Amino acid sequence: MIDKIRNIFSIPDLRAKIIYTLLILIVVRVGAHIPIPGVDGNALAGAFERLQDTLFGLFNMFTGGAFEKASLFSLGIMPYISASIVIQLMGSVLPYFQRLQKEGEAGRKKITQITRYGTVLLASMQSYGVVAVFLPSLTAGGKSVVVNPGFVFTFTGIISMVTGTLFLMWLGERVTERGIGNGISLIIMVGIVSAFPNVLLNEITLVQEGVR
């Protein structure tokens, strides 16, 4: 096994791609811990303890814990995935997208551009729901998660989350072009893997307490 790894890193081009991919994945994990302005981290952590077994907890797992921290990458790469799925579905029913699919490289570039616009739209809608509805509704110990709710918090929160999603999308595309494997898939995978230790520890704790 060690010899195989040594052989892999002995190839300059492959070594550069692996290092490039790892550096980008490190950036992804760092960004998942940078909160948007105006959020009380302690109150948010307390509020999310009640949401771990809900749909929000599942979504948080796919974002690598970024959602429960209300970080720049709270939405993860999911708006891009959703936009891509919608565009693919439209390609089977709308003649315009069917033509684009048959136009080769030019058509793919146009579809990619439309997908990016769709990502911005979906990310804007989702981030508004998070910063204007979801976060202000959370409390922990009688303390609100949002320090100063209002227009400024909503505006800065939306800008921060949308920018974070677009940055993740860009990082994923860079990995696909210059790194190893599919960048979007790797970003999702590293988010799920990073949450695994906490999930395992929680399960062990529950077993020890006799809950399971």
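Is R174 buried or exposed by its relative accessibility? At 14% relative accessibility, R174 counts as buried, where buried stands for under 20% relative accessible area, exposed for over 50%, and partly exposed for what lies in between (1.4 Å probe, protein chains only). The model is a predicted one, in which local features need pLDDT of at least 70 and side-chain atom pairs count only at pLDDT 80 or more, while totals for chains, interfaces and linings use all residues. Residues are numbered from 1 along each chain as its sequence is written, and side-chain values use heavy atoms, with hydrogens and water left out.

R174 takes part in a salt bridge with E177, their closest N and O atoms being 2.9 Å apart; the term requires a side-chain nitrogen of Lys or Arg within 4 Å of a carboxyl oxygen of Asp or Glu. Both R174 and E177 belong to helix 8, three residues apart, about one turn of the helix, and E177 is exposed, with a relative accessible area of 56%. Helices here are DSSP runs (H or I, at least four residues), numbered from the N terminus.

E173 is buried at 13% relative accessible area, whereas R116 is partly exposed at 34%.

In helix 2 (residues 12-31), D13 and K17 stand four residues apart, about one turn of the helix, and their side chains meet in a salt bridge (3.9 Å, N to O). D13 is exposed, at 51% relative accessible area, and K17 is partly exposed, at 29%.

How values were computed:
Helices (H or I, at least four residues) and strands (E, at least two) are DSSP runs, numbered from the N terminus.
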